[in-house]
Each structure stands twice: as C-alpha cells, then as structure tokens.
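I am opening a new page for this structure. These entries record what I looked up, in the order I looked.

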Amino acid sequence: MGDKFQLIHDVSPGTTGWTVKVIVAEKFSPRVAQRSPTKYQNLTLMDSEGSTVQATLYGQNITAFQDELLLGKTYLISNALVKETNAEYKAKSGEIQWTISGRTRIRRVEENNSNLLISTYSFTDFEDLPKYMDSNVDISVIGMIIDIKPRRIIQTRFGKECQVQDLVLVNKRFDTVLLTMWETFVDNECKYICQNLRKKLILIGKHLKVTSFNGLSISTKADSSFFIDGEFELVEEFKSWGHTNSEIIDNMISEKHYLTSTPSKLSSKLSVPTAEKDFTEIKNIQGLKTAKQFFWIKGKASVKVLNQTYWYMSCNNCNKISSENYGDIYPCVFCKCTDAKAIPRAKVYMQLTDPTGYINATAIGNPAEYFLQSNAETLMNQTLIPTAASMRLSMDEDEIFYVKAITQELSTDCKFEILFIVNPSQIAEDKNKGKAPVEHIGEPIKFLEPTTKRSLFHSDTDDVQSSKKKCDKSTIEITKKNQ
C-alpha cells in the first residue's frame with residue numbers, strides 16, 4: 001500500500017492536510033439510531049499496518065456514497081471529520097472515529113490489497129464451534145454455500161417480527177454447519193445467494209456467533225459482515241477444491257444428509273464437562289429468575305405425567321403449531337411460508353433429577369424422540385396411554401443434558417427446555433474409536449466411518465427442503481461484491 005501517506009494513528013482531532021490510504025475492511029448495513037430517527041452506516045477502514053478506524057456515514061450521505069467505499073477496495077481519504085469516540089462506545093469502536101460527508105475527499109486506488117486484509121482474519125474451524133456455543137464470542141468462518149432454506153418470519157419474545165433465512169456451509173473436510181441470516185442480511189446477501197446458488201459461492205463471514213439452535217449453528221449479529229466470492233487467493237483455493245470434489249459435493253446436495261446433522265467430529269472437540277464440579281447442580285437453578293441462561297446437567301430424566309400429548313402438528317418451516325391435518329400444504333400464519341407442510345413433532349414434559357434435586361423440563365423434536373425412543377409419526381398414531389413397553393419413560397443411567405432457561409408468561413420463575421442430550425459412554429467410545437456416532441431412534445447407537453458426517457448430539461434440527469425454487473427471484477445488486 002506504500003508509505004508516503006499518513007497512517008490511521010497519525011490522524012487525530014485537529015490534524016490538518018492529511019491523506020490516508022485505507023482498505024474498506026468491513027461495511028455494515030445502514031441502521032437507525034436507538035435514541036433518534038437518524039440513519040447511519042458504519043465502516044471499518046484499515047491501513048497498511050493493520051490499524052483500523054471506524055468511519056460513519058449519516059442520512060443522505062449513505063445514498064450518496066453507496067457506490068463508493070466498496071468492500072475490500074483501496075482508497076485515498078482526506079478531510080473526514082475526526083473526533084473522539086463517546087466514552088460508552090470506546091471499548092468497541094476505538095478512541096477515534098471519522099465522519100464521512102460531502103466535504104470528504106475520496107479517490108479509488110487500483111491496488112489489490114485483499115491478501116493483506118484477509119491476513120487479519122482468524123477463522124474458526126467447524127469442529128471447534130462447540131467451544132463458543134452460546135458464549136456470544138465473535139468468530140469468523142469460511143465455507144462454500146451449498147444450500148439455502150426458504151425465508152421465514154419469526155416473532156421475538158418482545159413481539160417483534162423478524163425475517164431470517166438459513167444457509168448451509170461446507171468446509172474442505174465436508175463438514176457442514178447452518179448459518180442463520182437475520183433481517184437486512186436476508187434482503188441483501190440472501191437474495192444474491194438465491195440467484196447464484198448453483199455457482200457454489202464461497203462465503204467469508206466475520207462477527208458471527210455460535211448458538212445451540214438446531215443443535216449447533218452460526219448466527220449473524222448486528223455488526224456481522226460478509227465477503228461473497230471475494231477476490232482472495234484463499235477463495236480461489238477453495239473454489240479449486242470445490243471443482244476437484246464437485247461430484248462429492250453434488251451428491252451431498254442431492255442426498256441432503258447435512259439437513260439432519262451438525263458439524264462432525266464433535267466428540268473429540270466438544271466442550272462437554274467431564275469433571276463433576278463443572279456440571280450445574282439442579283438445586284442451584286431451582287426457582288431461577290433470569291432467563292436465556294444455559295446449563296450442563298448430569299442426571300436422569302423420567303416421565304412423571306403419563307397422560308400427556310407426546311406430539312403436536314407443526315409447520316415444517318418454522319416448527320410452530322398448526323391446526324392443519326398431517327401432510328396438508330397451507331400458508332403458515334407465523335413464518336408466512338405460503339406452502340408450508342403440516343408434520344408431527346415430538347415433545348415430552350418430564351422431570352430431570354440429580355442427587356441435589358429436580359426440575360421439570362420440556363424436550364421438543366429430536367431430543368424428545370431420543371428420550372422416548374420413538375419418532376414423531378409413531379407418537380402421533382399412539383392411541384393408548386403409553387407404557388414402558390411402547391416407549392422409554394425413564395433412564396437407567398445418568399446422561400448429560402444441555403438445558404436452557406426460558407421466561408414463563410405467568411410466573412417469575414423460569415421454565416427449562418432440554419436442547420440436546422449427550423450419552424457419556426458414547427463420548428468415551430467416540431474418542432477411543434475416532435468415529436462419529438449416529439442417532440438411531442429405537443435402536444442401539446451405531447457408528448459410521450469418519451467420512452460420513454453425522455452429529456454426536458441428539459438435537460433438534462428442522463427438516464429442510466431444497467429451496468432454490470422458493471427463493472425470492474427479484475433482481476438485486478450487491479455493490480459490495482465483485483466491484
């Protein structure tokens with residue numbers, strides 16, 4: 001990038017006559033300020049030494065500069081307004097920030113500094129994702145997009161409707177992971193991906209988080225940013241790998257085994273506690289008041305109320321309850337999918353115990369099927385009150401439960417949901433054999449060779465259909481890509 005221009009750290013409030021050569025390292029979607037109706041857009045600019053500064057556009061300047069300051073491109077910038085960052089934002093945004101306006105001089109430089117930019121990324125391997133589950137730690141990933149689910153609408157616990165859409169990413173070991181895109185990323189990146197899905201685009205994502213949704217998945221945050229088929233050597237290498245292994249990848253897309261699995265090889269990397277002191281004792285969460293907390297519990301589960309409904313009819317796109325008959329195609333009022341399919345989904349209300357006490361908890365989807373050792377369709381056809389002969393109602397040995405505390409509407413105490421169940425003996429076997437365990441409902445656990453990717457978790461994962469034909473076909477231009 002040369003050294004005849006000032007660096008970012010040379011520019012401070014009051015500095016005059018400066019020009020800095022920068023790469024646009026991140027370009028975020030425009031947002032509305034929390035305390036005013038002002039619209040703003042943040043960018044992260046990086047100089048040749050890797051130093052960064054946050055630059056902000058406001059109001060009409062966002063539109064005026066929408067074809068400037070393209071992601072990954074290099075510019076000479078001068079005469080931006082330089083000021084100290086408000087104290088409450090310094091930890092995240094740095095000591096100094098720039099404001100770009102009509103008075104700011106910006107000149108494009110035809111240099112390719114993409115390798116310098118990508119050198120600042122630290123990618124998290126798919127098999128290491130469990131280490132960061134539900135921690136809100138920022139991660140970066142790279143993967144090939146091989147599938148995309150239909151857009152759906154969800155309601156937050158505050159009643160706000162949000163649009164989300166899921167991508168399936170694969171890495172060079174053929175491990176897969178679900179990436180959930182929220183709000184503006186659906187309008188922009190997802191629309192472009194839908195139109196170009198056959199190209200097997202390479203996605204680089206930054207400022208993402210790992211969640212326990214669908215067993216294990218990645219999700220966007222407000223400050224997430226993406227390169228899609230960016231001009232990086234790393235991307236070209238990935239595409240070359242994809243071309244070499246196109247037959248395997250096409251088979252994956254056709255067979256869609258990834259729709260019922262989370263990243264493979266979890267057993268050796270999984271952050272499941274092993275020492276007794278690392279498990280949460282149930283007595284410590286009885287009467288819990290704070291929701292959205294997650295706990296590892298080692299204990300047993302059993303059904304105490306036999307006369308309950310062990311399934312419900314649901315939308316295959318969002319899992320919300322449905323009044324339709326099994327197999328009916330209908331417009332879902334929750335996710336707005338126009339051709340949702342009504343399918344049964346397992347659920348069970350049970351008691352989770354350890355030596356210190358008990359809590360009541362609900363398992364839905366695959367965790368419920370694993371516990372009951374019966375699938376949702378069989379449960380739907382069950383006409384009699386269940387017995388130990390028709391399904392499993394209690395556990396003989398301790399297993400490991402990942403539990404989430406959820407707010408109740410009519411109580412200050414939290415309720416609990418079992419997100420997935422891990423068999424301790426299975427972890428030990430998996431580590432010894434180096435193989436990925438497979439869930440077989442109602443059958444003994446069997447193992448597949450490591451080349452077959454399945455999950456250690458007995459976790460809830462949606463059924464997904466190929467959605468290429470369901471994607472929004474409207475035309476969109478993403479200026480931050482391939483400019």
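Entry 1, W98. I began with the contacts of W98, leaving out residues up to four places away in sequence. W98 touches V11, W18, V20, L45, V53, Q54, A55, T56, I77, A80, L81 and V82. I note that the model is a predicted one.

I then looked up the largest nonpolar core and found 46 residues in it. L45 and W98 have the most contacts inside this core. Strand β1 gives the most to the core, with five residues. I also found a second, separate core, which has 35 residues. Among its members are L216, F279, Y402 and F420.

I located V22 in strand β1, which runs over residues 20-27. Is V22 buried or exposed? With a relative accessible area of 0%, V22 is buried, because the cut-off for buried is under 20%. I checked V22 against I77 as well: they are 55 residues apart in sequence, and their C-alpha atoms are 7.5 Å apart in space. I77 had already come up in my first entry, as a contact of W98.

Helix α4 covers residues 184-195, 12 residues in total. From first C-alpha to last it reaches 17 Å, close to the expected 16 Å. Which residues of α4 are buried? I listed F185, V186, E189, C190, Y192, I193 and C194. An α-helix has 3.6 residues a turn, so residues three or four places apart point the same way. I next looked for what covers the buried residues of α4, and the cover includes β9 (139-148), β11 (161-170), β12 (176-182) and β14 (217-228).

I looked up K200 in the loop between α4 and β13 (202-211). K200 is not a glycine, yet its phi is positive, near 55°. K336 also has a positive phi, about 70°, although it is not a glycine. I placed K336 in the loop between β17 (329-330) and β18 (340-354). Its relative accessible area is 43%, so K336 is partly exposed.

Where is Q408 found? I found Q408 in the loop between β20 (399-406) and β21 (415-422). Q408 counts as partly exposed because its relative accessibility is 30%. Leaving out residues up to four places away in sequence, I recorded that Q408 touches D413, C414 and K415. Q408 and A291 are 117 residues apart along the chain, and their C-alpha atoms are separated by 9.0 Å.

Key
Residues numbered from 1 in each chain as written. Predicted model: local features only at pLDDT ≥ 70, side-chain atom pairs only at ≥ 80, totals over all residues. Heavy atoms only, no water. Helix = DSSP H or I, 4+ residues; strand = E, 2+ residues; numbered from the N terminus. Expected span 1.5 Å × (residues − 1). Buried < 20%, exposed > 50% of the residue type's maximum accessible area, 1.4 Å probe, protein only. Contact = heavy atoms within 4.5 Å. Core = buried A, V, L, I, M, F, W, Y, C linked by side-chain atoms within 4.5 Å.
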